[in-house]
Amino acid sequence: MAAEIVGAIFGALSCICGTPTCNCIDQHRNFNDDVDELRRKLNSLTSQKQEIESRIQEAEARGGQMVRQQGQEWLKQAEEIEVKQQAFLEKVQGVKWYKRACLDRLVCRKINMVKEMLDKGSFPEGLVIERAPAHGNIIPTENLVGEISTKEEIWGYLMGDKVGMIGVCGIGGVGKTTIMKNLHNDLQRETRFEKVIWVTVSHPLNVFELQKKIADAMGQRLRDDEEVLMRAAALMEIMTRVRFVVILDDVWQKFSLKEVGIPDPNVQNGCKVAVTSRSSEVCSYLCCKIVEVKPLSQEESLKLFLNTVGDGVLQVPRLEEILKLIVKECAGLPLAIVVIAGSMRGVDDVNVWRNALTELQVRVSSVKDSNDEIFKRLRFSFDRLDSLQLKSCFLYCSLFREDYVFSRRELIECWIDEGLIDGLPSREAAYNRGHAITDRLEKNFLLEKENFFSSGFAGFIYPSAGAKMHDIVRDMAIISIGPEFGYMIKVGMNLVELPDEHGWVKDLQKLFLMGNNILKVPVSLAPKCLSLSTLILSSNPNLLEIPESFFGEMLALKVLDLSNTAIETLPNSISKLENLSALRLQHCMKLKYLPPLANLRGLKKLDLHEAGIEVVPEGMGMLISLEYLDLLFCQNLKEIPTGILPNLSSLQYLGVCCFQETTIIRNLEEVARLKKLETLECQFDGIQDFNHFVNKFRDFQSPIAYSLGVGIARDMVRQSKYELVITECEIGEECVVLPNNLEYLWILRGKNMRSSLNKTALLENANELRRCRIWESEDIECMVELDSSSSSTLCCPVLDKLELLHFYLLPKLCELVRVEVAATPLYVFSNLKTLIIVYCSGMRKLLPLELQQAFQNLEEISVIDCEQMEEIIASSDLDASSDKFTFPKLRRLILLNLPQLKSICSAKGVMICDSIEEIEIQRCRELKRIPVQLPLLDNGQPSLPPHLRKISMDRDSKEWWESVEWDHPNAKNLLKPFLKYSRY
């Protein structure tokens, strides 16, 4: 009855008061209907989410497909919307009638939001794509000197049917890993096995991590929330599908294959497992056929030594006999030989060599056991490092867990934090010194080069320069540190508790506890460590809190690292650590509170990358010594209050996010007033904010380096000194203002990119651009248009300096360069070195004939999974009998999965590329001719290209290889030794 009365009153009011009141009344009347509509839309979203999750699971189970990144991001956004809107519906349930008109407008907006999400989930281009071909990775390694018979014995067991388990044993440094790395690389070229997997096991054995590494190598993912037993069952099911070789390097402990999830290798499944270990007992426990690796002979040792130190030393008078005696002291251990030879490289003074021999003989004479035997020889190379700084930096590398691969950036930052690199005028100078030290350690074979892989923008993986320490070299380094240094090193040992009070000795100086599973710091623990300068508790993911008393007696502390922990607050006693110079809290996403920092006047580094803080720490503006401040991806941080940044007058590095909802920097001018700033890393929410920043910043002194991102991101790329990554932004509608000196531009999922690069203002000021990547943009059809109206000044100054072009997943891209007859600017792309085209399904021809002379600096052409590609160099309608296409610097030609490719160039044309090193052609069944012209001898017969290393085909291409034509009839036989079959 009451509702009817209210309805009648509203009806009368609508007649009296007109449109505004009518709208309000309509909203009141429609409220319940709109709430029901929102509920229906949310139900549809839930169903769509479940369907997409199911499709993703199916794709991952098949293994041959991968999910587009948009799919993963859509799921995350859909989950957030679902949770928030369900909570909203609960709040408006039974809301008072007088609030309904106002709330109805909000309900309608939420309906549109959910509807837009439903539309985005349609994925017209498909949710999954075919996974890029899983080529076996070639592991960097040294060539074998000697050990050939051992390698051949192991190879026989791998290729035969009688042995499934192979155990490669020998003392440390004898060459077990090097032999197996060479065999691993040889197996990549064989067709017998579908998967060749290399895993470094190390000590202590962690079955969970071992399972993860094997699954990753299989291109699969195990659930992190399952127990080891269930993960083993899942891994077993995955591995039974393929014929595999698993190489487990550096195994110290006994275990069973079944507990990991590795099927027993036998004659029926044709699989193999090879283990390297210093313990024959471990290999016997695994029922291995044991192969013992023995030291090198004197002759083999001398050859390896000379390969490392350089044959030129034999030209020095009276040196040969001394050299042979030094080699003898290496006892045939390859690791000792290369490390000692590396330390003597470039020395031509006979007296220095004599002294080296004496030192080495003295060391070796005190040898007591096999480990000591290698340690003493390695210690010789350590002692030859000619500065305390080099030695200290080397020893610091041993403090990471065994087999840890660190990025150069991470390592150099640690050296800077510890004061091992200091006294230099700038951070750039410190980095240069750090790179020089790393190079020196690598050249002395005390560090090994490794690729470091990190995830960055949109979850993609980026390789960068990294290094690791051989486990025996690490053991030697830790022994060299000795008790007098006051170090305690307990890294990667699965500890769940801190050392008790007896372990915290008074003269303790550095304590390293990273990579464990420490859960808490006891309230009663208050160590009296007045000399402790470094405390590393990072990567203890379940560490929640630290009591107030813990830091009370650590007043000398300089470096504190709690990164990658679950800590929520820091105790106020942190404020009393007045000697603290580096506070690292990366990825502490639960961290909400930091105590006041005003007293930490000596603090040089504050790293809060991806921390959960909501406000900047009190007193941050008082940190006058601060040189490094990272606030990137602190999603809960709303702002940096005005006036703080200008006080940080020593700041050299600044990392911040500038989002609309979280306006971190109110006045961008404050950044420009940081006179010592060298590097700026900044992430922006959208183009408008970014343009505002660039326009402001151009008026001030630019930093030495910058890494800028616009749109959705997870981390910075750091691939160049001046870089910009734009993700999921409207490129076509908004003009992007590019910063000065830009060298590297990456556009990911750019929207409305309909204009070619030279027809848009995007690259108007990018005169220093060297590398450009455009990925997953659905609208772009042509990269460069050259017609009679195109002036050379419009297109060439920018494009002519480009060295790398990488296009990925551009479904509408049909032409790289569109050329009209009237336009022939042959110098476009004249500095291009690398051209990579992947998943561009609309392209038929890659390089226009008119411009082939412009690509004289090309070093790599890679065309992969372009299903419509027919020609690499477009042919002309004229007689092509004399066509010669010269690529003087081309080193790599990669053509993979191009089912329509009919020709690389014209029917009778030839490619002259005398610098060619690698040709890889797989699944190009329609290609009948490879037009690479081989150099000719005086007798008219072809000769090998001087730099050729290999020609790769997939294992199903043997018949195709026999039928394909080359420029010369004898070319195929000449090239046959270079032919390698790999798995596509």
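These notebook entries record what I looked up in the predicted model.

**Basis.** I worked on a predicted model in which local features need pLDDT of at least 70 and side-chain atom pairs count only at pLDDT 80 or more, while totals for chains, interfaces and linings use all residues. Residues are numbered from 1 along each chain as its sequence is written, and side-chain values use heavy atoms, with hydrogens and water left out.

**Entry 1: aromatic pairs.** I described a pair of aromatic rings by the distance of the centres and the angle of the planes. I took rings of Phe, Tyr and Trp (its six-membered ring) as paired if their centres lie within 6.5 Å, with planes under 30 degrees apart counted as stacked, over 60 as edge-to-face and the rest as tilted. Phe 684 and Phe 693 are both buried (under 20% relative accessible area; exposed is over 50%, partly exposed in between, with a 1.4 Å probe and protein chains only). I recorded Trp 961 and Trp 966 as an edge-to-face pair, with 6.1 Å centre to centre and 70° between the planes. Trp 961 counts as buried because its relative accessibility is 1%; Trp 966, at 9%, also counts as buried. I also found a cluster in which ring pairs link Tyr 396, Phe 400, Tyr 404, Phe 406, Tyr 487 and Phe 512.

**Entry 2: helices α7 and α8.** I looked up helix α7 (residues 207-217) and helix α8 (residues 228-239), whose axes come within 11 Å and cross at roughly 25°. I noted α7 as roughly parallel to α8 because of that angle (under 35 degrees; over 145 is roughly antiparallel, 65 to 115 roughly perpendicular and the rest oblique). Helices here are DSSP runs of H or I with at least four residues, and strands are runs of E with at least two, numbered from the N terminus. The axes are lines fitted to C-alpha atoms, for helices over the stretch in contact, and angles run from 0 to 180 degrees between N-to-C directions. Among the α7 residues that meet α8 are Phe 208 and Gln 211; the α8 side includes Arg 231 and Leu 235 (contact: heavy atoms within 4.5 Å).

**Entry 3: charges over rings.** I counted a charge as over a ring if NZ of Lys or CZ of Arg is within 6 Å of the ring centre and within 35 degrees of the ring normal. Arg 231 lies over the face of Phe 208, at 3.7 Å from the ring centre. Arg 409 lies over the face of Tyr 653, at 5.9 Å.
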